[in-house]
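Dear colleague,

I am handing over the structure below, and my notes on it follow. Please read them alongside the coordinates.

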Amino acid sequence: MPEESDVVDALSNLKPLSLHVPEPKFRPGDAVDFADVEVPAAGSVRRPDTLAPAQDFTDLAYTMVRVLDEDGQAVGPWNPQLSPDRLRRMLRDMAMVRAFDERMFRAQRQGKTSFYMKSLGEEAVAIAAAHALDDEDMCFPSYRQQGLLIARGCPLVDMMNQIYSNTGDKLQGKQLPIMYSEKRFGFFSISGNLTTQYPQAVGWAMASASKGDTRIAATWCGEGSTAEGDFHSALTFATVYRAPVIFNVVNNQWAISSFSGFAGAEATTFAARAIGYGIAGLRVDGNDALAVYAATAWAAERARTNAGPTLIEHFTYRAEGHSTSDDPTQYRSAGEPTAWPLGDPIRRLKDHLIALGEWDEDRQAAMDREVAEAVKTAQKEAEKNGILGHGLHQPLDTLFDGVFEEMPWHLREQRQQMIDEETASGRPWARK
Ligand SMILES: Cc1ncc(C[n+]2csc(CCOP(=O)(O)OP(=O)(O)O)c2C)c(N)n1
Ligand SMILES: [Mg+2]
């Protein structure tokens, strides 16, 4: 039997352990060089059959599906061959998201709402997916896929009413601004609790399959959110039951002030998360609307033919702060957004349409004016229903509505107590 002191002596011969703490490459003030970001040539990645077993194309999780090349041409096996009309609608939807974001961001700075989140630089992720999915398919988004609502035709005024939590807000001010819920447009309520939408999407997809329906589900989360347990349990359920669901991981490099390395990006790709679960994994250029469209259409066909779920990593860049509460100059180099090697998704689709002879600079300028005008008009309309700080928009007793189908006795009592107390205090608790 070795003595305890012998064990201690043996261990003392080993080199001490050290902990690896990831560190982003660039901090404020650093010059940015993204030369080591591997960007394969457009058109260079093979396109497997949608019925192929996932283990036949694990290589696709480590490369990048790209369709638009540097000259604005659509090339290779993933080219979805869209009509010019479809391309122009996608371009307009992306421009609309950008104009909407710009105006609502400013509304927050003017004190008209407490909070806003932009998707600058990531517009292709939601817009191209919405165009590739069927309108009846169910979306379980994160807070950065406002493009789904815009592409599906949700009135801008309705979105703004929610942002202002005003009298027109169908959610009665119960959700944080931008946390929309739009059953009409197949858009599940956004939750502030990261990644809860993942298992919900799988559950919905499983129900759709068990009912013999034809609709599929799609869900989105950020790369940082893949570190949540919900992400992993969702993937397990999806692979076991071959749920008709598309998992989208929007790798925009940042999770507020944490860079992607803290979610595991130094060791592997996010698309490769799929491999351990036996799920199809694709990694796509998220700033290439045609690549996003093609990958989504491929995954949708796979899901709809009972061939199983797909995880798509959209490689992109969050060009703005996380939200209006964030200041990215405090933690990352200001040079990053412009140095990003995959460019601007709107400019790339515009260049493609021009290369096809289906668009020009004058039409682009006219479209930009038209979408800006549409957003401005909607904003005036929404502001008639009130903005932050201008009175009580929701009677206080609505606080108790919409939780239970039938209000239980104890909530009825609490509501009455509140009304009695507020009435006695002389404060206005009901809308004038
Ligand atoms: C469960 C949970 N943990 C932490 C937060 C706080 N939080 C909100 S957004 C965010 C960053 C998420 O980053 P990412 O998933 O990359 O999405 P992105 O914002 O980049 O689109 C964090 C940590 C939260 N809302 N919920
Ligand atoms: Mg992120």
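Helix H2 passes helix H3 in a right-handed crossing, right-handed meaning that the near helix is turned clockwise from the far one by less than a right angle. This is a predicted model, in which local features need pLDDT of at least 70 and side-chain atom pairs count only at pLDDT 80 or more, while totals for chains, interfaces and linings use all residues. Residues are numbered from 1 along each chain as its sequence is written, and chains are lettered from A and ligands numbered from 1 in the order in which they are written.

The axes of H2 (residues 84-109) and H3 (residues 123-132), being lines fitted to C-alpha atoms over the stretch in contact, come within 10 Å and cross at roughly 140°. Residues of H2 including Met90 and Val97 meet residues of H3, among them Ile127 and His131, where contact means C-beta atoms, placed from the backbone, within 7 Å.

Elsewhere, an open sheet of 5 strands runs in the order S1-S2-S3-S7-S6 with parallel pairing, two strands being paired if DSSP finds at least two bridges between them. Its edge strands are S1 (138-140) and S6 (280-285), and S6 pairs with S7 (residues 310-315) over 6 bridges, with Glu313 in S7 as the bridge partner of Arg283. Helix H8 packs on this sheet, touching S3 (245-251), S6 and S7.

Regards

Technical notes: Helix = DSSP H or I, 4+ residues; strand = E, 2+ residues; numbered from the N terminus. Contact = placed C-beta atoms within 7 Å. Axes fitted to C-alpha atoms, helices over the stretch in contact; angles between N-to-C directions.
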